Structure formats: C-alpha cells, structure tokens
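Have a look at the model below, and then let us walk through them together.

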Amino acid sequence: MLEYLRGDTVERVTNLKISILLPLHPDSHRSTMKRGLPPKIAAIKARKRQKLDQSAQSSTVPTKAASKRCKVKLDDLQWEEVAMPDRLEDFEGFYGLEEIEDVAVVRDAITGTISFESSTLDSLKKKDAGQSHSGAAVLHEPEDGFSDEGSWMGFSDKEGGAIKEYLDEKDAQDLSENSLRTMKAAERKMKKRQKQKKKQDHGKTSVNRKGAFDILADQPLSGDDDVDEVDVSAWGNLGLSSETLRSLARLRFSQPTLIQSSAIPEILSGHDVVGKASTGSGKTLAFGIPILERFLASSQAERLTPLALIISPTRELAHQLTAHLTALCSGSDFNAPSIAAVTGGLSVQKQRRQLENADVVVGTPGRLWEVISSGQGLVKSFKQIQFLVVDEADRLLSEGHYKELGKILKILDCDEEKGGGDSNPDQTPELQRQTLVFSATFYKGLQQKLVGKAAKGGDLLNKQESMEYLLKKVRFLEGKPKFIDANPSSQMASRLKEGLIECAGTEKDLYLYALLLFHPKKRSLIFTNSISAVRRVTPFLQNLNLVAHPLHSQMPQKSRLRSVERFTTQPGSILVATDVAARGLDIPGVDLIVHYHLPRAADTYVHRSGRTARAKASGISVLICAPEEVAGVRRLVAKVHARPQQTVKSKNTAYFIRTLDLDRRIVSRCKPRATLAKKLADAVIAKEKIHSEDAWLSAAAEDLGVDYNSDTFEAEAPGRQGRGSGRKKKQNEAGATSKGEMQALRAELKALLSQRVNVGVSAKYLTGGGVDMDALLNGEGNAEFLGTVDGLGFEA
Ligand SMILES: Nc1ncnc2c1ncn2[C@@H]1O[C@H](COP(=O)(O)OP(=O)(O)OP(=O)(O)O)[C@@H](O)[C@H]1O
C-alpha cells in the first residue's frame, strides 16, 4: 500500500517509499552541499550506495516483513540522494531529491502524533552478527539507542566508527563495481563490433528495412577485387591510413575534393577548422575522414565515451550524415565505429541505449539536448568528446536555432565541480576537443541579427567577419581556428544552370505543372515557403498523375523518412518540401529544383539550389515568380553570385539570371487539367479541414455542455465577415462539393490526361531539343508530353 505523505495527515502505511523534493541549503544536514559534493557526484554516489544497499539487504536480511522494526526520528533516517537527471543541475544545486525505503509511518490513534519505524538498523545489526556480510558494521540493539521517551539518541563514537568502516567497505565496493561496469561496457562494445564484423563479412547490413539513407550507406560497396583497381594515390599526401584509403577506394573516390584536401591535414594536425565550400563539394568527408582516422588510431579499450559529436540542423540531414559516415566504413576490414543518430520523432529510450555504445553521435540540437540533459552521466561522457562538429553552422548559429545548441555548448563547457560555465569564464575548463565548423554560406544578416541590429540584405560574410561572428558563439581550442574557404568566388555548384519563369501569381500551379511536363521522368524537388502549400501542391500534382511526395516538419518522422526514401528510390518522382529539405540533403540524381515560392533569403537560395548539381553532376534550378517579384529575385541571385570585392551595383559584371521560355500555347493547353486538378485537391483539403474543425468544435461544445450545430454556428458566429472570411467562404464552397461532383471532376480530368498537350507543337521545340527524341523512340518519357527542360532556353 502506498499513500501520499502530507504533513500530519498521513495514515499508517507499510513498506512506504517516501520520495521528497526539497530545496538544499547549506544548513540542511541532508544537503549534498553540506557534504561538499557537487550534486552530480553526490547523485552518482547515492545511486551506487542504493544498489549496494539493495544487494546487501537481499543477501543478508531474510525478508522485510520478517525483520524487526524500531522507532526512529525522521531526520535520523538513512536518507539516500536520488540520482537526478543532468539537466536539473542547471538549478545549481538548488534542488535535490532524497528517498528512503522500508519506513512505516505510524499515527498514534489517541494523540494523533506521527512517528516512524524502520527495520534498516535491525538489518545492519544482523550483518554485524556475521550472518553473511563480512566486515559489516557493529551496531547495538535498536532499542538501546532510544531514550525513555522512545526517541532515537544517535550513535556512540564506537558505533560511528563502525558505520565509517561499513561505508569504507561500501566505497571499496563502489570502486570494484565501477570497474565491473567499465568492463561490462567494454565487453558490450566488443560484442557489438564482433557482430558488426560478422555482418560485414557476410555482406549484410544491419538494417532489415532499407530507408533512403540506409540505401545511401549501402550504395558504394563493390567487390574487393574492384577495390584494388581504384587508384587512390591522389589522397597520398594527406597522410591517411591504409584502412581509410581502402574505404575510399571502395567508395570509388579516387581523389579528394578541394575542401577535403585543404581541411583534412589541418584537422589531423589537431587544429580547429572553419570550412566553407560550395554545396555538394564533399564537406561531410572533410570532417568524417579525420574522425575515422582518430578512431582507428585510438585503442578501443581506452575509449568508452563517444569520440565525436556532430550537430545538424535537420533530422533528415542527421540521418544522411549517419548513413554517409557508415558508408565510409561499410565493408571495411576494420571494426567500424558505432554511429548513432539522435533526432526527434523517434524513440528517446532507443536512442539512449544506442548512445551507450556510440563512438560517433550525430543529432539535431533539440533531441540531443533532451537526451543528454535528462540522461544520467551523459553530460560527463560528452564532455570527453574529441571532436565537436557543427554542420550547416550558419543555420545552427542563427537566431531561432542557436537556443538549444547554445545550451548544449554551455553544458559541455561548464565545469560543475567548480561551478563554472560561461557566466564564470575563469572557471571554464580548458577545452580538450577540436571544433569543426562547416557550411557553404556565412551571412552578414545573421551576424547583425545576433548582435541585435536589424538585418539589412544578406551579404556574404568575408573571412574576417565570419571569424568574428563564430568566435562569439563557439569556443575553439586554439582561440582562433583555421579558416578554409575552398570556393571563395562562389558558393553555387559549378555545373548548376539557373533560370526564372515569370507568370501571374495565381498561375504558379499551372506553370509548375507545365515546367514538370517539359522535364519528364526526372527527379525534381519543389520548394515552398509553407506547410499548407506542401499540403496543397502535393495532391495537385498527384491528381495530374505525377508521382509526388510531401515533406514538412509537421509530418510524423516515419512519414518524413518514407517520403525521402520514395523520392530517392522512385525514378522520376517529385518531392514537394518546405525548407526542411533545403540544407545538406544529398539525394543522388536530383535533376531539377523548383522554387515554387521565392526563397526568403540568399542563403536559402544557395542551399535549395545545392540539392542538385552535386559532386560532379549537373542540374537545373528554376524560380517561379510573379512579375512584381522579378526585380527582387534578380538582385538576390546577383548578390549570391557577387565576388567578395564586387558590389552588386556594378551592372557590367553583375550576374543576370535568365528568364526561361515556356511555350505559352502548351501552358494554355495544360490549363483545363490544372484547373480541375486544383479544384479536386482543394475540395479534399477543405473537407478534411471542415471535418477536423467540426470535430474540435463538437468536442468543445460537449465539454461545455452546449448543443453545437455547424450551420447555426457559422451563421451566428461574430466576426465572421472580417479578415479571412473570403477564404473561409471558398473553403466552405470547396468542402461542399458532393461525392457525385467529385466523381464527375475525376472522370473529366482522366479524359483530359489521356490526351497529349503538345500535339502540333512548334518545330522550334522539336529541333531545338524541346522534344526528347530518344525518349520518344524508346517509348519512355511523359505520356502527355515529350520534352526536356533544355528546351527552355538553356544552352545545351
Ligand atoms: N572525394 C570525393 N569524390 C567523389 N565524390 C565525393 C567525394 N567526397 C564526397 N563525394 C560525394 O559528393 C556528394 C556531396 O557530398 P556532401 O554531402 O558531403 O556535400 P556537402 O559539401 O556537405 O554539401 P552541402 O553543402 O549541400 O551539405 C556525396 O554524394 C558524396 O558521396
């Protein structure tokens, strides 16, 4: 039986476990501060003691029920501190939790006074009697310790010595328990590695169901015979181990990219590095290879804490980085490091378990903070990492994203033994880790926002400014990191073609569809600025028989991964996404990027466009904009292409993004089907919305005990004529489309989709590459239209 203990209202309970949360202050004899222990160490000790006590009791005390109880004062009870989650140490020792087991709370039936009974002292006495626990404390009969009034008088000196002896013994056991745990952890790690090795030997992967990123991890494997034929001599002067060179051969990476050849030697020599290089230029391996080298060089037995922590702004990127680094080690003849992804949307418990064995941890700031700070001992373990990598650094350090990263950095940097932290810089411990910061973009606007000024424009930061900005946010080993700018003149991929399509704001859906028809069966990524647009555009395209998948942050994590997986595996599929997909995603074979909504900032334009033309591939990035947006877009793109010393205003040299030529007759032929597809999509969305609003209002009305009728509510609700009423009206109209009307619309659309739109198309497109003759002859391509985006005015 268990009851709450509240002042003197407590009833007699047996085997009560009392847990109280009490403020610790220096005067309290239970305070961890009084014992001179930092809260965390006290917590660990308490945990160990608790375990030992439990095992001692289970081995020495016959049963709790059978043991004899004696009266004891509340304050004389053997309170035990409870290990607190690391996060609570942020309260700087203000709170502590203590608990005690096996205490009976007794209320005198006549006087109503409360007293406590415990059998713990009794059990200690039994240990002394040498029943099973050698060297246990010597205690007198519990009754001897009580005064005539029955209150506990405390231990004599002799007895105090006995307790000390008992505790000393426990300390010795603490030590051996500690080493036992260390050995067990090492054993677990070794077993895991052996398992991995076995799987590698059998050419298996550790995942049953391959997701998008698992596929990436498996991708580059080839037979060992082929590996010997890959010439990796170009990596020769970077000082890499034979194991890493073999892995690179397996990946068929015969030479390093510029950022890799510049950054790897610096990192290997122990420097902090800030690396800037264009999208798709191999920044992941620029930090991944040195981490692998350090892993191979260090003895596995001596490392029981993670070697590296890699922080990514999005979940998808975190999983991709995990897969990319796994691919580097897949099929290798060495024991591969264990790489754990710690991202939101997946089980925290599972991730905590994975962390126990992880050599490299890749995660998003929010989940990392949650897992590290609420775990026990994880902060200590992460303080020992040798590499901290901040990928997409300008994003992670920007306003709105820095909060959680800042908390992680603070907790890793603070010395809890001295009460240090960034509020107490003198006591901030010396750094042991290297910090590696990577991105394709570092923006001035970011820095201005962070120092509280309004951001004007989005000018690129030069080296000096980037440094000043970074030094404010991140601690570096040497005070000043090495700054490596692999592409000082441009952050856009060299094989990227850019263009814009001008159309009325209300016709973006139509032009998007037409653009996709000009680009049949090619993997396309469409960016919008809002989740609602993703929800609308995806079914619109699906209604037009295009294979489209949604991706936004409000989707469940499993659906997010599924969308990316399908986009990666289905040829010619389309991903409609918010900017959650803008950074870092490395999906092979993305041919076309469409900015359905204009990017809000120059860095977003760079990163969105960077999802194509990666490594040595080529690709196309197209902005769809309304006439009034064109001038702004041109300025934004010119800014992105401006060289560091060049002003955007110097018209002669400024980059000028071309307007693409879509055959307007084809666009107008697409209009009826696009209109129908939009109508159908809007109707479905409106029905869903009305249904969910209705369900919410019905539930609210039920809670309030009032009747709810949606029609009356609509008619009588105040303020319904105000802002948004037009949209609401449209939504209601769309939602009112009957089943029969929907069926008729679908049939009409089906008939339209069975016709080709480019019958009798201008010969200009046939001869100018507008029609893909190979696809036509092979019976491939789009059923409605045969063409390629090269017909849009790009030079072949
Ligand atoms: N040395 C190399 N040779 C050939 N391909 C490489 C090499 N290094 C990396 N790659 C490939 O290049 C692609 C892009 O690499 P990665 O994702 O690291 O780019 P990134 O610079 O981080 O891009 P972003 O800025 O968009 O995040 C990946 O598919 C990767 O496998």
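## A parallel sheet and a buried isoleucine

Strand β8 and strand β9 (residues 360–363) run parallel and are joined by 4 bridges. Within this pair, V342 has G363 in β9 as its bridge partner. The model is a predicted one, in which local features need pLDDT of at least 70 and side-chain atom pairs count only at pLDDT 80 or more, while totals for chains, interfaces and linings use all residues. Residues are numbered from 1 along each chain as its sequence is written. Strands (E, at least two residues) and helices (H or I, at least four) are DSSP runs, numbered from the N terminus.

Both strands belong to an open sheet of 7 strands with parallel pairing, in the order β8-β9-β7-β10-β11-β6-β12; two strands pair if DSSP finds at least two bridges between them. Each edge strand pairs on one side only, and these are β8 and β12. Neighbouring strands of the sheet are turned by 15° against each other on average, direction ignored.

Here are some of the elements with their residue ranges.

| Element | Residues |
|---|---|
| Strand β8 | 339–342 |
| Strand β12 | 482–485 |
| Strand β7 | 308–311 |
| Helix α9 | 315–329 |

Helix α9 lies across β7, β8 and β9, running at about 175° to β8. Such angles run from 0 to 180 degrees between N-to-C directions, with axes as lines fitted to C-alpha atoms, for helices over the stretch in contact.

Now to I411, which is found in helix α14 (residues 402–413). Why does I411 count as buried? Because I411 has 21 C-beta neighbours inside 10 Å, and the cut-off for buried is 20 or more other C-beta atoms within 10 Å, with C-beta atoms placed from the backbone. Leaving aside neighbours within four places in sequence, I411 is in contact (C-beta atoms, placed from the backbone, within 7 Å) with S373 and V379. I411 and W369 are 42 residues apart in sequence, and their C-alpha atoms are 9.4 Å apart in space.

Methods: A residue is buried if 20 or more other C-beta atoms lie within 10 Å of its own, exposed if 12 or fewer, and partly exposed in between; C-beta atoms are placed from the backbone. Two residues are in contact if their C-beta atoms, placed from the backbone, lie within 7 Å.
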